[in-house]
Amino acid sequence: MISVSEMQKVLDLVVSVLMGGIARLASPTVILSDEDTASTDGKAYVKMPLNFLGRPLKDQMENAVGLLAHEVGHWLQPLTEIQEVEKQTGFNGDVSNLLLDIQLEENVVRIFPLFSSNLQGLRETIKGQNKQAYLKELKRADKDGDFLSTVIHALLLGRFCGIDTSESFTIMLDHVSDERARTFIRSANEFKSLRPSDLPSRIAALAKEYP
């Protein structure tokens, strides 16, 4: 069981580990919310859900640590620049966030490998809960020729539902017939190896290629 005060201590530790000396300038606060999952503004707070996938988060220590590590990973990304790229290009925010998630979870593990088990456990939990829903929506979107929904649900499957969940993304194309969407999904895999500073230009390039 993990309380909000314990979450705050874990968050302080995660920030210290992942951000080093910058941690003295970055001190996000844990806020509990009724939202479905965790989120952050990248500046002042990390919101944590009271309930996660139908269970109280306070009873899910490993997943809570994984969520905290994930959200601090966003603090390592140039979010202001990325948001400006999205604004200027109209690039879909949901797609952008999934691409950022792919990059940050690989980046977090490079900095501190011990978080790997928490992030993998989190992916496995989400896989068990949501795989069938992601598959259903992907098949529907592919049948309807809905490019955006096809890409989003293929990214969700790749994020959480691969055979090997040890990586932040797996290319999964079995239910994607649109070659343009298939090419986009392959491009998403490149985000695993990007540095945070590469993200604005890479997203801008995708926005130009997929207006």
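# A first look at salt bridges, helix packing and aromatic rings

Aspartate 144 and arginine 140 are joined by a salt bridge, with 3.1 Å between their closest N and O atoms. The model you are looking at is predicted. A search through the whole of the structure turns up 11 salt bridges, and the structure also holds four aromatic pairs.

- Aspartate 144 is exposed, since its relative accessible area is 51% and the exposed class begins over 50%.
- Arginine 140 has 33% relative accessibility and so counts as partly exposed.

**A buried salt bridge and its network**

- Which residue forms a salt bridge with arginine 123? The partner is glutamate 105, and the closest N and O atoms of the two are 2.3 Å apart.
- This pair ties together parts that are 18 residues apart in sequence, because arginine 123 sits in helix α5 (residues 116–144) while glutamate 105 sits in helix α4.
- Are the two partners buried or exposed? Arginine 123 is buried, with a relative accessible area of 3%, and glutamate 105 also counts as buried, at 3% relative accessibility.
- Both values can be read against the cut-off for buried, which is under 20% relative accessible area.
- A network of salt bridges links Glu105, Arg123 and Arg159.

**Another salt bridge to find**

- Glutamate 179 and arginine 186 meet through their side chains in a salt bridge, at 3.3 Å from N to O.
- Glutamate 179 is partly exposed, having a relative accessible area of 45%.
- Arginine 186 counts as partly exposed too, with 36% relative accessibility.

**How helix α2 packs against α4**

- Helix α2 (residues 61–75) packs with helix α4 (residues 93–111) at an angle of about 105°, and their axes are 9 Å apart.
- With that angle, α2 is roughly perpendicular to α4.
- On the α2 side, the contact is made by Ala69, His70, Gly73 and His74. On the α4 side, the residues are Asn97, Leu100, Asp101, Leu104, Glu105 and Val108.
- Sorted by class, this contact of α2 with α4 has four nonpolar, four polar and two charged residues.

**How helix α2 packs against α5**

- The axes of α2 and α5 cross at roughly 110° and come within 8 Å.
- This makes α2 roughly perpendicular to α5.
- From α2, the contact involves Glu62, Asn63, Val65, Gly66, Leu67 and His70. From α5, it involves Asn118, Leu119, Gly121, Leu122 and Thr125.
- By class, the contact of α2 with α5 has four nonpolar, six polar and one charged residues.

**Aromatic rings**

- Phenylalanine 184 counts as buried at 3% relative accessibility, and tyrosine 210 counts as buried at 9%.
- Phe147, Phe184 and Tyr210 form one aromatic cluster.

**Two residues to look up**

- Where is serine 39? Serine 39 is in strand β2 (residues 39–40), and it is partly exposed, with a relative accessible area of 22%.
- Apart from neighbours within four places in sequence, serine 39 is in contact with Tyr45, Val46, Lys47 and Glu71.
- Serine 39 and leucine 67 are 28 residues apart along the chain, and their C-alpha atoms are separated by 8.7 Å.
- Leucine 53 has a phi near 55°, a positive value in a residue other than glycine. For background, most residues other than glycine have a negative phi.
- Leucine 53 is in the loop between β4 (51–52) and β5 (55–56), where leucine 53 is partly exposed at a relative accessible area of 24%.

Definitions and conventions: Residues numbered from 1 in each chain as written. Predicted model: local features only at pLDDT ≥ 70, side-chain atom pairs only at ≥ 80, totals over all residues. Heavy atoms only, no water. Axes fitted to C-alpha atoms, helices over the stretch in contact; angles between N-to-C directions. Helix = DSSP H or I, 4+ residues; strand = E, 2+ residues; numbered from the N terminus. Parallel < 35°, antiparallel > 145°, perpendicular 65-115°, else oblique. Contact = heavy atoms within 4.5 Å. Nonpolar A, V, L, I, M, F, W, Y, C, P; charged D, E, K, R; others polar. Salt bridge = Lys/Arg side-chain N within 4 Å of Asp/Glu carboxyl O. Buried < 20%, exposed > 50% of the residue type's maximum accessible area, 1.4 Å probe, protein only. Phe/Tyr/Trp six-rings, centres within 6.5 Å; stacked < 30°, edge-to-face > 60°.
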